[in-house]
Amino acid sequence: MERTVAAGGAGPTPGPDSSGAASSGATTPFGDAGLPDVAGLLDGLPRQRAPQTVAAPQASAPSAPAPVIGSALAPGPRVVLRFRPWRLLPTPTGTPFTFAYAAALTVTSLFATYADPALLHALHQGSSTDVAHLLRTPVLVLLASALWVAGGIVAPYTLCFLLVLTALERRIGGARTAVVFLCGHVLATLATEGPVGLAVLVGHLPDSSLHRLDYGISFGVATSIGALAGLLRPWLRWPVLVLFGGLLLQDLLTLADPLTDWGHLIALVIGVGMWPVVRRWVASGAAGLG
């Protein structure tokens, strides 16, 4: 039963029924003084709350999954391979050793083109790495002989020199490229002139063989080609070796200059034998940059 309070009475007065007391309007529920008007609601039932309409959640558009870097939706940064032909040739800042060496060869080649033939022959003879000069002034002739290009500036070995030494220096540096070139130049020269000296000593060759004219950069270039091949991918390394080695063998079979042709093969083998060294140099350079 609901508890009510009369407007002017001293105590509670029960009405005929609970519904009449509620409908008379003379009494007010004790606990609902602050509620809004309840007219129109069913009597005898607790206050009916207005039904709250719950809005159905709107179906949102399906969100696209977050793209994964490297996927087809959002590919990662692509490496664009740009062909830069100027990197095939030496530059003063990028390949200082090859650039300076090429400049020196250009000067000597121009001199050989316009100089007096007698003077040029005398200079070639004084720079020759023959047995007689190697016994007297080995260091001087080994260095001087590498300043001339046999055949002039347009010889095939000149183009090989520019391309091969540039590529090698960009990978291992100028000082190490000079080491590779000089190793081939010196060792191949000694390997070819040494047997000549022994043959003269035992009487198999005349004494004139001690003054055989020998100069040029071909031994150093052949060694550089062999060393560079060890830094190339296999699909390029073996074709380079097969092609260049086949040309050297073809020259050797013609017997035009067997001593020099053997020297080229020996120089190529020296370059191949330097693969562990040049690869270690490349790895140490990459670790230092990293």
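Start by selecting Arg237 and Trp275: the charged end of Arg237 sits over the ring of Trp275, 5.6 Å from its centre (NZ of Lys or CZ of Arg within 6 Å of the ring centre and within 35 degrees of the ring normal). This is a predicted model, in which local features need pLDDT of at least 70 and side-chain atom pairs pLDDT 80 or more, while totals for chains, interfaces and linings use all residues. Residues are numbered from 1 along each chain as its sequence is written, and side-chain values use heavy atoms, without hydrogens and water.

Now select Phe161 and Phe181. Their rings form an edge-to-face pair, 6.3 Å centre to centre with 85 degrees between the planes (Phe, Tyr and Trp rings, Trp by its six-membered ring, pair with centres within 6.5 Å; planes under 30 degrees apart are stacked, over 60 edge-to-face, the rest tilted). Phe161 lies in helix H6 and Phe181 in helix H7 (residues 174-202), so the pair ties together parts 20 residues apart in sequence. Both Phe161 and Phe181 are buried (under 20% relative accessible area; exposed is over 50%, partly exposed in between, with a 1.4 Å probe and protein chains only).

Leu163 counts as partly exposed because its relative accessibility is 37%.

How values were computed:
Helix = DSSP H or I, 4+ residues; strand = E, 2+ residues; numbered from the N terminus.
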